[in-house]
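This report describes one protein chain for a reader who is new to structural analysis. Please keep the sequence and the model in view while reading.

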Amino acid sequence: VDDFLEVKMKTAENGVLDGVFDRVAKVYDIGGIEFFKPVARRLVEHVGVGVGQRVLDVGCGRGAVLFPLAAAVGATGSVVGIDLSSAMVAATSAEITDLGLDNVSVLKMDGQNPEFAPGNFDVITGSMSIMMISDLATAFGNYARLLRQGGKLGMTIPIPPTDLTRWTLGPFEVAGLVKEIDPAAVVADESLAKFFRGEFYPSPTSCADQLRAEGFAQVDEYKEKLRIVAAGAAELVAWTQSHSMRVVWEAIPESRRGKVEVETIAEVTERNGGPGQVTADLQISYLVASI
Ligand SMILES: C[S@@+](CC[C@H](N)C(=O)[O-])C[C@H]1O[C@@H](n2cnc3c(N)ncnc32)[C@H](O)[C@@H]1O
């Protein structure tokens with residue numbers, strides 16, 4: 001627990017879950033489970049990005065939205081991705097070079113205060129990222145200025161479980177992990193404490209209200225279900241360690257973590273009725289706002 005708290009305190013930055021995205025960048029969104037990419041493709045559809053447009057992607061991570069955006073704007077458009085995680089920026093930048101794309105670039109920058117000229121963008125996107133920013137009113141006010149008149153903002157948010165003590169991902173009772181965590185570690189860490197109070201992410205309704213308060217005239221919300229499919233219990237459990245949920249695993253004392261993982265895989269397999277494919281349904285909110 002001491003090591004865990006020390007690492008968290010050393011790496012805390014605005015909204016990046018205390019460096020967790022630097023730690024997961026190498027395994028993020030590359031396993032067998034398709035989640036971030038289908039959500040991102042759907043976001044690009046909902047926003048309606050066109051050829052020749054200039055787009056900013058906030059919290060671009062490994063490029064789930066960035067690469068579909070680059071294809072949508074074509075050679076005459078441009079896409080810039082920003083992220084606070086150096087490891088994410090480095091890995092995505094290398095991929096852009098490998099793919100030989102010249103209409104897209106990435107920069108390390110805080111999504112709360114992006115440094116670009118007013119009216120610079122036709123579209124701003126952020127999938128599973130913008131809701132992590134600590135001061136959303138400031139961020140939305142900045143996006144309103146960075147967009148040209150008539151520009152659009154599109155973001156996605158996971159709809160959180162209403163009751164953390166019953167939090168499930170298909171046959172995976174995530175709430176079971178909570179029992180393994182030392183309450184002192186939760187209390188000592190505000191981002192973890194918020195997570196456990198079920199307040200980690202703002203609700204889509206409060207985001208929509210804040211967007212209106214910052215001058216976005218029209219805000220539409222689309223709530224959709226996404227089914228994730230894992231080859232087996234081990235793949236589902238590994239997936240929960242490859243993104244922000246890793247903070248829950250890291251809060252389990254290291255001496256117990258391996259054992260808890262083995263026990264969890266066995267429990268998920270049993271609740272699944274045996275080995276083989278495991279599915280879980282997640283609720284996603286897509287917000288599309290126009291200025
Ligand atoms: C769950 S990932 C989503 C990445 C990508 N948009 C996707 O859909 O796969 C969240 C990303 O947001 C980034 N992030 C969180 N807070 C940020 C902030 N204040 N400014 C910039 N990036 C941020 C994290 O570093 C991480 O890469």
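## A buried methionine

M128 counts as buried, since its relative accessibility is 9%; buried means under 20% relative accessible area, exposed over 50%, and partly exposed in between, with a 1.4 Å probe and protein chains only. The residue M128 is placed in the loop between β4 (121–127) and α6 (136–146). Helices (H or I, at least four residues) and strands (E, at least two) are DSSP runs, numbered from the N terminus. Although M128 is not a glycine, its phi is positive, at about 55 degrees.

## Basis of the model

The model is predicted: local features need pLDDT of at least 70, side-chain atom pairs count only at pLDDT 80 or more, and totals for chains, interfaces and linings use all residues. Residues are numbered from 1 along each chain as its sequence is written, and side-chain values use heavy atoms, with hydrogens and water left out.

## A buried aspartate

Most residues other than glycine have a negative phi. D29, which is not a glycine, has a positive phi near 60 degrees. D29 is found in the loop between α2 (20–24) and α3 (36–47). Is D29 buried or exposed? D29 is buried, with a relative accessible area of 10%.

## An alanine in helix α4

A70 belongs to helix α4, which covers residues 66–73. At a relative accessibility of 6%, A70 counts as buried. Which residues does A70 contact, leaving aside its neighbours within four places in sequence? They are V79, N103 and V104, where contact means heavy atoms within 4.5 Å. A70 and Q53 are 17 residues apart in sequence, and their C-alpha atoms are 9.7 Å apart in space.

## The chain as a whole

The chain contains 13 helices and nine strands. Its radius of gyration is 19 Å, close to the 19 Å that the globule rule gives for 291 residues, so the chain is as compact as a globular protein of that length. The radius is taken over C-alpha atoms, and the rule is 2.2 Å times the number of residues to the power 0.38. Along its principal axes, the C-alpha trace spans about 55 × 40 × 35 Å.

Of the 291 residues, 52% count as buried. Among contacts between residues at least 6 apart in sequence, 79% join residues at least 24 apart.
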